[in-house]
Amino acid sequence: MPSSLEADIAVVGAGPAGAALALALARLDYRVAVVALPRRFEACEGISERALAGMREAGFSRALAGLAPPSPRRVEWNGVQRSANSERLLARASFDRGLWADLQEAGIACIAARAERIDAQPDGAMLVRWAQGLLRARL
């Protein structure tokens, strides 16, 4: 049976940007719901120290647990080598599970589904639909 939920704000996508937005809105006392399909494959990605500092400040402790030590970047352009800043490598599926856990810990409704359709309603509300349900949100 399809589920029907309500929230003040719907966020579609739970990568770093969507998760940070959802967490910030929840801290402003909005009822937030996130609709996102968990990654189905493993990938290795880099995160800069600057982005990492922002995520730490936002409170993503579970997502950032177990990061690799910084890896210096080196750049060679026209035969000239320079050292650039550093980044940390992360296993993206594990990182995404940590983001999800941080959101749930903050009391955010997390719906593991692919948003199939988003419709604006005459009253200004948004309907986010997925195969087994519907989320009605003011925004």
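Which residues of helix H2 (residues 49-58) are buried? In this predicted model the buried residues of H2 are Leu52, Met55 and Ala58, where buried stands for under 20% relative accessible area, exposed for over 50% and partly exposed for what lies in between (1.4 Å probe, protein chains only). Helices (H or I, at least four residues) and strands (E, at least two) are DSSP runs, numbered from the N terminus.

Because the model is predicted, local features need pLDDT of at least 70 and side-chain atom pairs count only at pLDDT 80 or more, whereas totals for chains, interfaces and linings use all residues. Residues are numbered from 1 along each chain as its sequence is written, and side-chain values use heavy atoms, with hydrogens and water left out.

- The buried residues Leu52, Met55 and Ala58 cover an arc of only 120° around the axis, which puts them on the same side of H2; the arc is that of the directions from the helix axis to the C-beta atoms.
- On the face of H2 turned away from its buried side are the exposed residues Arg50, Arg56 and Glu57.
- The cover over the buried residues of H2 includes helix H1 (16-27), strand E4 (44-48), helix H3 (61-64), strand E6 (80-91) and helix H4 (92-105), with contact meaning heavy atoms within 4.5 Å.
- Just after H2, Gly59 adopts a positive phi of about 100°.

**Arg88 in strand E6**

- Arg88 belongs to strand E6 and is buried, its relative accessible area being 16%.
- The side chains of Arg88 and Glu49 are joined by a polar contact of 2.9 Å, a term for a pair of N or O atoms within 3.5 Å; within protein, one must be able to donate a hydrogen and the other to accept it, and residues adjacent in sequence count only if both atoms are side-chain atoms.
- Not counting residues up to four places away in sequence, the residues that Arg88 touches include Glu49, Leu52 and Arg56, together with Leu67, Ala68, Pro69 and Pro70.

**Strand pairing**

- Strands E4 and E6 run antiparallel and are joined by 5 bridges, two strands being paired if DSSP finds at least two bridges between them.
- E5 and E6 form a hairpin with 2 residues between them, and Asn78 in the turn has a positive phi of about 60°.

**Salt bridges**

- The structure holds 11 salt bridges, each defined as a side-chain nitrogen of Lys or Arg within 4 Å of a carboxyl oxygen of Asp or Glu.
- One of them joins the side chains of Arg31 and Asp8 at 3.3 Å, N to O; Arg31 lies in the loop between H1 and strand E3 (32-36) and Asp8 in the loop between strand E1 (3-7) and strand E2 (9-12), so the pair ties together parts that are 23 residues apart in sequence.
- Of these two partners, Arg31 is partly exposed, with a relative accessible area of 46%, whereas Asp8 counts as buried at 12% relative accessibility.
- Asp96 and Arg39 form another salt bridge, with their closest N and O atoms 3.2 Å apart; Asp96 lies in helix H4 and Arg39 in the loop between E3 and E4, so the pair ties together parts that are 57 residues apart in sequence.
- Asp96 is buried, with a relative accessible area of 16%, while Arg39 is partly exposed, with a relative accessible area of 28%.
- Salt bridges that share partners join Arg39, Glu45, Arg92 and Asp96 into one network.

**Nonpolar cores**

- The largest nonpolar core has 26 residues, and those with the most contacts inside it are Val34, Phe60, Leu103 and Ile108; such a core is a set of buried Ala, Val, Leu, Ile, Met, Phe, Trp, Tyr and Cys residues joined through side-chain atoms within 4.5 Å.
- The elements that give two or more residues to this core are E2, H1, E3, H2, H3 and H4, and H1 gives the most, with 5 residues.
- Leaving aside its neighbours within four places in sequence, Leu103 is in contact with Ala14, Ala19, Ala22, Leu23, Val34, Ile108 and Cys110.
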